[in-house]
Amino acid sequence: MGIVHSLKDVVTTATRISLELFKIMIPLIIVVKILKELDLIRYAAMPLSPLMEFVGLPAQTGLVWATAICSNFYAALIVYANLLPEMGVVNVAQATVLATMMLIAHNMLVESKISEKCGVNFWGQNAIRLGAAYTCGFLMHTVFTTFNMFTEPAQLLFSPPKETSDVLLWARGEVLNLGKVFLIILCLVIFMRLLKWLRVVAVAEWLLAPLLGIMKIGKEAATVTVIGLVMGLAYGGGLIIDEVRKGSIKEEDIFPSVTLLALSHSVFEDTLLMALIGATLWGTLLCRVLFSIVFVALLVRLIPFFTPSKPSRVEA
């Protein structure tokens, strides 16, 4: 009976977390599809295109980044591949800057809504991610240019597939994706229970305490933060939502933890995906993670100066 009760509890928890995410994701997936079908993302790119030149990128990459911001990496990579003949030769430094900016700021309609559900401000998170992405891109461009780094041409390692206009095929694909989300959440819940049973969580909290302490993230949020860094914001955010509901994470830990995940999540899978456009791991992985840690550490120390009435909680 004990095993049956535990399995039932795991499935119930995974279902609850998944439904919370689906209530956010499904409406926004539909909105993004409408934006793409009506070609409205192109208008979002207009203010970005002139800004791209300040980070050493062709103006056309504004549409690539806008597509990543409003939609996802896969759509953005298709746009990039199709625009590449217009842009001419793109070197590894440029590909890395673009990739890193997309890694920090992408799929923001969905992901910032998940962040909001965790307890932080939707518009604040969007502003932070856009500002951080552009700042990181500018710093990387400055360093790469100053030291003449990664000047060789970037190699495009994939051929863009044709996007389907069949709504039923699109809907079927999205349903399958949501099914995968549930299965991954289920596995993560089991994994979390196993880690706690083996007391690995306590060890991980102790080991990560100094690093997370720099960003004012308490040890109680250590495990779910690391899972989000590795797996992605949706999964880490889902676990944070559940832990906040249970009172397992302190209120003051929510903002730095969620913000760190917003800037650096799915650090392996998404980073490898960016290698398809010729970006180097030195930028997309190492520079992004280090920048995110320093950025969050500075942010949590600066914001209280502007919100003196609520020193115990950082809202953004």
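**A walk through loops and helices**

N148 sits in the loop between helix 8 (122-146) and helix 9; helices here are DSSP runs of H or I with at least four residues, numbered from the N terminus. This is a predicted model, where local features need pLDDT of at least 70 and side-chain atom pairs count only at pLDDT 80 or more, while totals for chains, interfaces and linings use all residues. Residues are numbered from 1 along each chain as its sequence is written, and side-chain values use heavy atoms, leaving out hydrogens and water.

Let us look at the backbone. Most residues other than glycine have a negative phi. N148 is not a glycine, yet its phi is positive, about 55 degrees. With 58% relative accessibility, N148 counts as exposed (over 50%; buried is under 20%, and partly exposed lies in between, using a 1.4 Å probe and protein chains only). K216, in the loop between helix 10 (200-214) and helix 11, also has a positive phi, about 60 degrees, without being a glycine. K216 counts as partly exposed because its relative accessibility is 44%.

Now turn to T67, which belongs to helix 4 (residues 61-70). Is T67 buried or exposed? T67 is buried, because its relative accessibility is 6%. Leaving aside residues up to four places away in sequence, T67 touches I41, N72, A75, A76 and V79, where contact means heavy atoms within 4.5 Å.

Finally, meet a pair of helices. I184, L188, F191, M192 and L195 of helix 9 meet T223, V224, I227 and M231 of helix 11.

Notes
Helices (H or I, at least four residues) and strands (E, at least two) are DSSP runs, numbered from the N terminus.
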